[in-house]
Amino acid sequence: MELVTISDIEAAAKRVEGVAVRTPLLLQTWDPRGTLWLKPESLQPIGAFKVRGAFNAIGALDDAARERGVIAYSSGNHAQAVAYAAQRYGVPAVIVVPDVAPRIKVEATRAYGAEVIEVPIGEHEAKARELAAERGLTLVPPFDDAAIIAGQGTAGLEIAEDLPEVDVVLVPISGGGLAAGVGTAIKARCPRARVIGVEPALAA
């Protein structure tokens, strides 16, 4: 995978415009140690930033790939994001989820028109790759993909545009797609700013 550039993120911003919400920066006053702004990605259509990457990834496909359809593996937000983006583009979608995934997220994914396949926990990635090969579907990974990273990076681009004097950006790590995209955008537009990845102490 080639490194994602600011040009990739700018192109992604054009694709997701009108679909992903340009979430505001909200000033918080409860921390006396300094000025703190929050970017509420919970305002996105599926309630999470994942819609940015999914919409960019599917939007970057050619017509033939879209006609064949896409497939993803996820236990929650990425599943909904790919299903939502596929529905908006009119693209068939298959989502492989572990059988322990939260039912509310599984049903939300189905509600967006995706075919949902449940498999034992730990087998959803392998099953998705198997089905992608069998059916000729394009795999839309949850984080380790250039189009996904560029799409998630649009959140960082918005931060840089709305708060060019930003000193420090704290970004969740998890799979790394959001952190990689936001870090790329911030360092390109606000090179003096520090980007710090954060993760819960007990995260697996």
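**Pockets and an aromatic pair**

In this predicted model, 43 residues line the largest pocket, and K39, L170, V171, P172 and L178 are the ones nearest its centre. Two or more lining residues come from each of strand 2, helix 4, helix 6 (124–135), helix 7 (146–162), strand 7 (168–172) and helix 8 (177–189). Strand 7 provides the largest share, with five residues. The space in this pocket amounts to about 1,200 Å³. Its lining comprises 21 nonpolar, 12 polar and 10 charged residues, and at least three residues are drawn from each of domain 1 (6–49 + 145–198) and domain 2 (51–139).

The second largest pocket holds about 160 Å³ of space. Its lining consists of A13, V16, E17, A20, V21, R22, R52, T154, L157, E158 and E161. By class, five are nonpolar, one is polar and five are charged.

Q44 sits in the loop between strand 2 (36–38) and helix 2 (50–59). With a relative accessibility of 3%, Q44 is buried.

Turning to the aromatic residues, two aromatic pairs are found across the whole structure. In one of them, the ring centres of Y84 and Y112 are 5.4 Å apart and the planes meet at 75°, so the pair is edge-to-face. This pair links distant parts of the chain, 28 residues apart: Y84 belongs to helix 4 (residues 77–89), while Y112 lies in the loop between helix 5 (103–111) and strand 5 (115–119). Y84 is buried, at 11% relative accessibility.

Technical notes: Residues numbered from 1 in each chain as written. Predicted model: local features only at pLDDT ≥ 70, side-chain atom pairs only at ≥ 80, totals over all residues. Heavy atoms only, no water. Phe/Tyr/Trp six-rings, centres within 6.5 Å; stacked < 30°, edge-to-face > 60°. Helix = DSSP H or I, 4+ residues; strand = E, 2+ residues; numbered from the N terminus. Buried < 20%, exposed > 50% of the residue type's maximum accessible area, 1.4 Å probe, protein only. 1 Å grid on protein atoms, 1.4 Å probe; cavity = no way out; pocket = protein on both sides within 12 Å on 5 of 7 lines; lining within 4 Å. Points joined across faces, edges and corners; volume = space filled by probe spheres on them. Nonpolar A, V, L, I, M, F, W, Y, C, P; charged D, E, K, R; others polar. Domains from an automatic or database assignment.
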